Amino acid sequence: MSFNEIFKSSFLENITSVSASHKITLKWDEVNGADRYAVYIYNAESKKYTLYQYVTSEKCTVTSLRSNTKYKFIIQSMKKASDGKYVSSEEAEYSASTLSA
C-alpha cells in the first residue's frame, strides 16, 4: 500500500463546535497520519474560502467574528511529504453560528 493510500484511508469526522459571541472553537477527531490541519473560513464578500490558520492539534479557535452570524469552514488534513512540502488529503465542510452579544 502506498503512502497516499494509507493517508487517504483516514478521514475527518465528528466535527463539533462551541460558540461565543465573537468566536467559534472547532474540534474534530484525529486523522491518522496527519501532521497538521488547515482551517479555512468562507468570505461572503469574495465568495471564496481563505486560510485562517494551520494547527497541529484537532482544535482551532476562530476569533474576531461578528456576533449572531453563521460561518462556514473547511478543515483539511495534511501530511508532510519526504520533500518537506505538505500534501492535503481529506477535507470536511462545517457550519456554525456565533451567539448574540
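Me: What makes β3 and β6 stand out in the lining of the largest pocket?
Reply: β3 and β6 each supply at least two residues of that lining. The largest share, 3 residues, comes from β6. Strands here are DSSP runs of E, at least two residues long, and helices are runs of H or I, at least four, numbered from the N terminus. A word on ground rules: this is a predicted model, where local features need pLDDT of at least 70, side-chain atom pairs count only at pLDDT 80 or more, and totals for chains, interfaces and linings use all residues. Residues are numbered from 1 along each chain as its sequence is written, and side-chain values use heavy atoms, with hydrogens and water left out.

Me: Why is it called a pocket and not a cavity?
Reply: On a 1 Å grid over the protein atoms alone, a cavity is a set of points where a 1.4 Å probe fits but cannot get out, whereas a pocket is an open set with protein on both sides within 12 Å along at least five of seven lines. The largest pocket has a volume of about 240 Å³, which is the space filled by probe spheres set on the points, joined across faces, edges and corners.

Me: How do you know which residues line the largest pocket?
Reply: A lining residue has an atom within 4 Å of a point. Among those that line the largest pocket are Tyr 42, Asn 43, Arg 66, Lys 70 and Tyr 71.

Me: What makes β3 and β6 a pair?
Reply: Two strands pair if DSSP finds at least two bridges between them. 6 bridges join β3 (residues 36-43) to β6 (residues 70-80), so they count as a pair, and they run antiparallel. Met 78 in β6 is the bridge partner of Arg 36.

Me: Why are β4 and β7 called edge strands?
Reply: The open sheet has 4 strands in the order β4-β3-β6-β7, with antiparallel pairing. β4 (48-55) and β7 (86-97) each pair on one side only.

Me: How many helices and strands does the whole protein chain have?
Reply: The protein chain has 1 helix and 7 strands, running α-β-β-β-β-β-β-β from the N terminus on.
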